[in-house]
Amino acid sequence: RWGYAALAAGIAGSGLAALRWLAPYGLRDLPQLGGAFLAGVAVVVVAYLLGLRHREQRDRAAEQLAALTERNRLLTAERDSRVAMGAAAERTRIARELHDIVAHALSVIVVQADGGAAAARARPEMGPEVLETIARTSRDALSQMRRMVSVLRAGPGDDVPGYVPAPGPADLDDLVAQLRSTGLPVAFETIGSPREMTEGAGLTVYRVVQESLTNVLKHAGPAASCRVVLHYGPAEVIVTVTDDGRGAAAGAAFGPSGDAEDPGAADAIASPGTPTAGAIPGHGLEGMRERVGLQGGSLRAAPIVGGGFEVTATIPYGDAPPA
């Protein structure tokens, strides 16, 4: 509004100026009066248009600056969000690895220690064998923990000392032998020819079997037996771990469909004779579900009618060539 008012005032001033300049000569020379008026109007209009263009350029620059500022803010927020999501995913991955390593090793150590203490009273000669198993399991867990810490501390391009490939299906024989040494009867069967799979899929197969056997050791009871089956299909491997124990039959942890309502509830069920009040739910089943889900597979964990528990995981081979 002020711009239009100034333009009108300038045009009016141009007319008044023309009259003022030509007043001594009278109003008989209208062409000169019109020329003076048009000259004044031209000067005013040109000045107005130049100012208007300058103002538009200034407003456009301010808008661009505001847009760049907002874009920078959004990019910064997106970067911070990605960093937070990456850190959360990395914490979850580290928590899964720590749980699988520590929980399995400590379960074997606890079973060996309890069994050794009971057997040493009747057969003292079994003491050294039990202690050797405990020491071997502890050294293996400590070695895995050191490798994990070395990987976490290493920077880009650094060589990780003592690095070994991640465990996979080929290492299940050693895992089953370790569980058998604790006194747990484990039958291991492979159906079909072993297939090539990605490192992530192979590690998932190993961790699912490891966690399932650890849960059998912790929850199934002293007289339980277990069966592990690897069925290699055309595009995926099906891992089945079944036990005939009593520890996972507590109905409070499982819904009507047989699937665990609380993914970590099965870890809270104690072995027979162990009080369950105030038990803190573990993260074993939750970790297995996350691992299998990251590989694009599915997991089902449910009690068996008549007693026992079964874990079935379907894990695609990943980027491995199809059959």
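Me: Over which residues does pLDDT stay under 50?
Reply: Residues 248-281. Keep in mind that this is a predicted model. It has 64 contacts beyond four places in sequence for that stretch.

Me: And what is the mean pLDDT of the chain?
Reply: The mean is 76. Of the chain's residues, 79% reach 70 or more.

Me: Where in the chain is confidence lowest, and where is it highest?
Reply: Helix H3, residues 127-153, has the lowest confidence, with a mean of 73. Strand E2, residues 226-232, has the highest, at 93.

Me: OK, on to the inside. How many residues are in the largest nonpolar core?
Reply: It has 35 residues. Leu213, Leu230, Val237 and Val239 touch the most other members.

Me: Which helices and strands each supply at least two residues of this core?
Reply: The helices are H4 (172-181), H5 (199-219) and H6 (284-294). The strands are E2, E3 (236-243), E4 (298-303) and E5.

Me: Which of them gives the most?
Reply: H5 does, with 8 residues.

Me: Back to Val237. What does it touch, not counting residues up to four places away in sequence?
Reply: Its contacts include Met197, Val205 and Leu230. His231 and Tyr232 are also among them.

Me: Thr314, then. Where is that found?
Reply: Thr314 is in strand E5, which covers residues 309-316.

Me: Is Thr314 buried or exposed?
Reply: Buried. Its relative accessible area is 17%, and buried means under 20%.

Me: What does Thr314 touch, leaving out residues up to four places away in sequence?
Reply: Glu236, Val237 and Ile238 are among its contacts. Val292, Gly297 and Ser298 are too.

Me: New topic: charges. How many salt bridges does a search of the whole structure find?
Reply: It finds 5. Side chains of opposite charge can pair when their charged atoms come close. One of the bridges joins Asp59 and Arg55, at 4.0 Å from N to O.

Me: How many residues apart are Asp59 and Arg55 in helix H2?
Reply: They are 4 residues apart, so about one helical turn separates them. Helix H2 covers residues 30-122.

Me: What about Glu78 and Arg82?
Reply: Their side chains also meet in a salt bridge, at 2.8 Å from N to O. Glu78 and Arg82 are 4 residues apart in helix H2, so about one helical turn lies between them.

Me: How accessible are Glu78 and Arg82?
Reply: Glu78 has a relative accessible area of 37%, which makes it partly exposed. Arg82 counts as exposed, at 59%.

Me: Which residue forms a salt bridge with Arg79?
Reply: Asp80. The closest N and O atoms are 3.3 Å apart. Asp80 is partly exposed, with a relative accessible area of 40%.

Me: Last one. Which residues form a nonpolar patch on the surface?
Reply: Ile11, Phe37 and Leu38 form one. Together they have about 250 Å² of accessible area.

Me: Where does Ile11 sit?
Reply: Ile11 is in helix H1, residues 2-22. Ile11 is partly exposed, with a relative accessible area of 31%.

Terms used:
Residues are numbered from 1 along each chain as its sequence is written. This is a predicted model: local features need pLDDT of at least 70, side-chain atom pairs count only at pLDDT 80 or more; totals for chains, interfaces and linings use all residues. Side-chain values use heavy atoms; hydrogens and water are left out. Buried means under 20% relative accessible area, exposed over 50%, partly exposed in between (1.4 Å probe, protein chains only). Contact means heavy atoms within 4.5 Å. pLDDT is the predictor's confidence in each residue, from 0 to 100. A nonpolar core is a set of buried Ala, Val, Leu, Ile, Met, Phe, Trp, Tyr and Cys residues joined through side-chain atoms within 4.5 Å. Patches are made of residues with over 30% relative accessible area and no salt bridge: like charges are joined within 9 Å, nonpolar side chains (Val, Leu, Ile, Met, Phe, Trp, Tyr) within 5 Å. Accessible areas come from the Shrake-Rupley method with a 1.4 Å probe; for residues, only the protein chains shown count as cover.
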